[in-house]
Amino acid sequence: MTSDPLDSFIADCRACAAGHGEAADCVAAIAPKMLDLLRGDRAFLKPAHFRSDPDQYARNLIYASDDGDISLYALVWLPGQWTPVHDHGSWGVVGVVEGVLEERNVIRIDDHHDRNSGIGLARGGMILLGEGTVTTFVPNPDHIHLTGVPADRPRAVSLHLYGRMMSSFHIYDVEAGTRRLVDVAHNES
Ligand SMILES: [Fe+2]
């Protein structure tokens with residue numbers, strides 16, 4: 001009997017999220033499943049998941065659990081579109097469907113990670129995530145980063161699985177040394 005690869009992936013992710021207390025265990029269990037999803041039949045990706053927005057990267061919701069335990073989005077990055085510097089306050093697993101996604105890491109160098117001001121940040125390294133790549137993060141401490149596609153590279157599409165509904169996240173003002181929680185919009189399936 002065959003099952004829909006997306007349904008299987010979601011079921012596996014929900015089981016992982018329910019069965020593991022540690023974020024690091026969750027991402028370690030889910031990352032290989034994201035790899036399998038990328039390498040398998042991608043017919044589960046519909047035209048609605050490839051919607052883009054000329055003004056900002058597009059967040060297309062694929063799945064959100066009723067209990068808010070997990071959510072899965074297809075993000076579409078047109079050339080030159082970037083997130084602000086942000087963290088998710090959650091674990092996450094990212095898989096690249098198309099193109100090259102760039103992630104630039106930002107390191108928090110003050111000793112008060114629960115504060116929203118007086119934040120010290122330093123630029124960290126970056127990584128180029130090609131098609132088929134899977135990467136993960138955990139909030140131990142917050143994974144601060146910005147993600148996008150430089151203007152001279154083609155569109156990228158990526159899948160983002162989070163350990164909560166990702167309807168808000170912290171964005172950072174690097175110069176002011178502050179962060180604030182903002183709502184982030186998405187397109188429904
Ligand atoms: Fe992010």
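Here are a few questions and answers about a predicted model. Residues are numbered from 1 along each chain as its sequence is written. Local features need pLDDT of at least 70, side-chain atom pairs count only at pLDDT 80 or more, and totals for chains, interfaces and linings use all residues.

Reader: Is strand β9 mostly covered or mostly open, and how many of its residues are buried?
Author: Strands here are DSSP runs of E, at least two residues long, numbered from the N terminus. A residue is buried if 20 or more other C-beta atoms, placed from the backbone, lie within 10 Å of its own. β9 covers residues 156-162 and is mostly covered, with a buried count of six of seven.

Reader: Which residue in β9 stands opposite Leu72?
Author: Strands pair if DSSP finds at least two bridges between them. Seven bridges join β2 (residues 71-77) to β9, and the two run antiparallel. Across from Leu72 you'll find Leu161.

Reader: How do the axes of α1 and α2 run relative to each other?
Author: Helices are DSSP runs of H or I with at least four residues. Axes are lines fitted to C-alpha atoms over the stretch in contact, with angles from 0 to 180 degrees between N-to-C directions. These two come within 9 Å and cross at roughly 175°. Angles over 145 degrees count as roughly antiparallel, so α1 and α2 are roughly antiparallel.

Reader: Which residues does Ala74 touch?
Author: Touching means that C-beta atoms, placed from the backbone, lie within 7 Å. Leaving out residues up to four places away in sequence, the list for Ala74 is Leu45, His49, Asn60, Ile62, Val157 and Leu159.

Technical notes
A residue is buried if 20 or more other C-beta atoms lie within 10 Å of its own, exposed if 12 or fewer, and partly exposed in between; C-beta atoms are placed from the backbone. Two residues are in contact if their C-beta atoms, placed from the backbone, lie within 7 Å. Angles under 35 degrees count as roughly parallel, over 145 as roughly antiparallel, 65 to 115 as roughly perpendicular and the rest as oblique.
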